[in-house]
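This briefing is an introduction for a reader new to the structure. It begins with one term and then goes through the chains by topic.

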Amino acid sequence: MTRVTNASRRDTDDLPAVIERVVTLTVNGRPHTLRLDTRVTLLDALRDRLGLTGTKKGCDQGACGACTVHLDGRRVLACLTLAAQAEGRDVTTIEGVSGTDGHPHPVQQAFMEHDGFQCGFCTPGQIMSAMALMAEGRTGSDEEIREFMSGNLCRCGAYPNIVAAIREAAARGGHDARL
Amino acid sequence: MRAFDYVRATDTREAVRLLADDPEASCLAGGTTQLDLMKDGVLQPPRLIDITRLPLHGIERRDESLHVGALVTMEELAADTTVAERLPMVRESLLLGASVQLRNMATIGGNLLQRTRCRYFRDPTVPECNKRAPGSGCAAVQGAARMHAVLGASERCIALHASDLAVALVALDALVHIQGPTGSRTVPLTEFYLTADVSPERETVLEHAELITGVEIPLPPPAARSGYLKVRDRTSYEFALASAAVQLVLDDGTILEARVALGGVGTKPWRAHAAEHLLTGAPATTATFTEAAEATMQDAWTVPGTAFKVPLARRTLVRELQTVSGVTA
C-alpha cells in the first residue's frame with residue numbers, strides 16, 4: 001500500500017520528498033483510514049490528523065512520557081511509534097478513558113481531587129500511565145508507584161500529589177480501570 | 001527526517017530477503033533506538049522493514065535453558081515465571097532499565113543492538129565521530145565525557161554500550177541465534193560484540209542481512225545466588241554510571257563458581273574474566289572481592305571526565321559481591 005511520489009528513489013541521489021501509505025488506525029474503538037507520510041508517528045497522526053490533541057508532544061524523543069497512550073492495553077510512547085506500526089492494534093488515548101456518561105475516569109477524578117498537576121501539560125500522559133500502572137498491579141506502596149511512574153516527568157514537580165492521587169485511585173479499586 | 005519506504009515483513013525468511021536485497025535497509029522493531037536516531041538524522045535508511053509481526057514472540061523453557069524470541073519485549077521477559085524464579089539477575093537488569101513505556105516497546109533483540117547514548121555520536125553536526133564517519137576522530141575524548149566507557153576504550157572512541165540486560169546476559173553465557181540469507185548460526189554473546197578500540201564503526205559480528213531470531217539463556221544451577229547492582233545519577237529511569245552483574249556458587253565460605261560482568265564502563269557489555277579467575281576457589285572475603293575488582297579495572301583507559309569511573313566501578317563490583325555472597329567482612 002506504499003505509494004511513491006516523484007521519481008523512484010533508486011533513480012535519483014535523493015529520495016522523494018514524501019512516501020505515503022494508507023493506514024487504518026483504531027483509536028478509542030473507532031477506525032480511521034488515513035493517507036500518511038511513512039514518517040508520521042502515532043503521536044502526530046493522533047494530534048494533527050485526528051484532532052486528538054489530548055496526547056501531548058513534550059520531548060518527541062522518548063524521554064518525557066507526555067505522549068503515553070495504550071497500545072493493545074499496554075502503555076507505550078506515541079512519539080517513538082510509527083503510525084503504520086499501530087495498524088491493526090487498539091489505540092487508547094486520554095480522550096477515550098472517560099465513561100460513556102461523560103463522567104471522568106476514576107483516575108482523572110483522583111488527579112482533580114489531589115491537585116495532581118500544576119500546568120497540566122504532562123497530565124494526560126500521567127493519567128494514561130497511572131491507569132496502566134494499576135492494571136499492572138504496581139501500586140503496592142508509594143515507593144513502587146514512584147518507581148513504575150518514573151517514565152513520566154513533571155516539570156512543575158507535582159509528584160507528591162500525583163502519587164497521592166494514584167494511591168487513592170488504587171485504594172478505591174482502580175484495578176478495574178478501563179484499559 | 002529523510003523519507004523512507006516502509007515494508008512490513010510477515011515471515012523471517014522474507015525479512016532476511018528484504019534486507020539482503022537492499023544494503024541500506026534497516027529493521028524496525030520496538031523503534032526506541034531506530035526512530036530516535038532517525039529523528040536526529042544519525043540514521044537515514046531509505047527503507048525500514050517492520051519486523052514486529054514476525055513469529056518471534058515466544059518464551060520457552062527447554063530443559064535447563066530459556067529460549068527467548070527476539071521480539072519478546074523487556075516487560076514480557078521480566079514478567080516470565082522462569083525468569084523470576086531462576087534468573088533474578090536478568091529480571092533486575094530489565095526492570096532497572098528505561099521506563100515501563102519503553103520496556104513495553106523495546107525488544108530483546110533490539111536491546112542487544114541498541115546504539116550508544118554518546119551525545120557526539122547522536123549529533124550529526126559534530127564532524128568528529130569514528131562511529132558515524134570512520135577516520136574522522138572522536139569528539140568525546142576532548143569533550144564532555146561522563147556517560148562514556150573506560151574499558152575497550154581508546155582515543156579512537158569511548159562510546160558506552162548502555163544496555164543493562166546485555167551485562168547480565170554476557171555473565172550467563174547467553175547465546176544469540178541468528179538467521180541470514182544462507183542459513184542460521186549461533187554466536188555466544190561474549191563473542192557477539194566488538195570493542196570500540198578495535199572497530200568503532202562496527203559494534204557486533206552481525207552482518208547486514210542477518211537477523212537476531214532469539215536469545216538462549218542457560219539456567220544457573222539451583223545453588224547459585226545472583227544480583228545486579230546499578231549505580232546512577234538518579235534513582236530511576238537513568239543509564240548506569242557503573243553496574244555489576246554477579247552470580248556466585250558458594251560452599252562453606254569458598255567460592256566454587258563466579259560469573260561477573262560490568263556495565264556502564266565498557267564499549268561493550270564487559271565480562272570480567274580476570275575477576276572470575278581470581279574469585280574461583282578463593283575464600284569469599286572483602287579482600288578477595290577487592291583484588292578481583294582491581295584486576296578488572298586495571299586496563300581502564302580514561303579521559304579526565306571518565307576517571308571517576310575506575311574507583312566507582314571497583315566499589316560497585318565489591319558491593320555487589322558482598323551483597324550476593326552475604327559477606328561484608
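Two residues are in contact if their C-beta atoms, placed from the backbone, lie within 7 Å. The model described here is predicted. In chain A, the buried residues of helix H1 pack against strands E2 (19–27), E3 (30–37) and E6 (90–92) of that chain.

**Helix H1 of chain A**

- Helix H1 of chain A covers residues 42–49, and its buried residues are A:Leu42, A:Leu43, A:Asp44, A:Ala45 and A:Leu46.
- A:Gly51 follows H1(A) and has a positive phi, near 70 degrees.

**Domains of chain A**

- Chain A is divided into domain 1, residues 2–96, and domain 2, residues 106–176.
- Contact between these two domains of chain A involves 13 residues of domain 1 and 11 residues of domain 2.
- On the side of domain 1 of chain A that touches domain 2, strands E4 (68–71) and E5 (74–77) of chain A each supply at least two residues.
- E4(A) gives the most to that side of domain 1, with 3 residues.
- By residue type, the side of domain 1 of chain A that touches domain 2 has 5 nonpolar, 5 polar and 3 charged residues.

**An open sheet in chain B**

- Chain B has an open sheet of 4 strands in the order E9-E10-E11-E12, with antiparallel pairing.
- Its edge strands are E9 (225–231) and E12 (270–271) of chain B, each of which pairs on one side only.
- Strands E10 (residues 242–251) and E11 (residues 254–263) of chain B are joined by 9 bridges in the antiparallel sense.
- B:Val249 has B:Glu257, in E11(B), as its bridge partner.
- Helix H5 (residues 88–95) of chain B packs on the sheet, where it touches E9 and E10 of chain B, and its direction makes about 20 degrees with that of E9(B).

**The largest nonpolar core**

- The largest nonpolar core has 159 residues, and those that touch the most other members are B:Ile49, B:Ala168, B:Leu169 and B:Leu262.
- Leaving aside neighbours within four places in sequence, the contacts of B:Ile49 include B:Val7, B:Ala15, B:Leu19 and B:Cys27.
- In soluble globular proteins, nonpolar side chains tend to be buried together.

**Where chain B meets chain A**

- Contact between the chains involves 22 residues of chain B and 27 residues of chain A.
- Strand E1 (5–8), helix H2 (34–39) and helix H6 (100–105) of chain B are the elements that give two or more residues to the side of chain B that touches chain A.
- H6(B) provides the largest share of that side, 5 residues.
- The residues on the side of chain B that touches chain A divide into 10 nonpolar, 7 polar and 5 charged.

Notes. Residues numbered from 1 in each chain as written. Chains lettered and ligands numbered in written order. Predicted model: local features only at pLDDT ≥ 70, side-chain atom pairs only at ≥ 80, totals over all residues. Pairing = 2+ DSSP bridges. Axes fitted to C-alpha atoms, helices over the stretch in contact; angles between N-to-C directions. Core = buried A, V, L, I, M, F, W, Y, C linked by C-beta atoms within 7 Å. Buried ≥ 20, exposed ≤ 12 C-beta atoms within 10 Å, placed from the backbone. Domains from an automatic or database assignment. Nonpolar A, V, L, I, M, F, W, Y, C, P; charged D, E, K, R; others polar.
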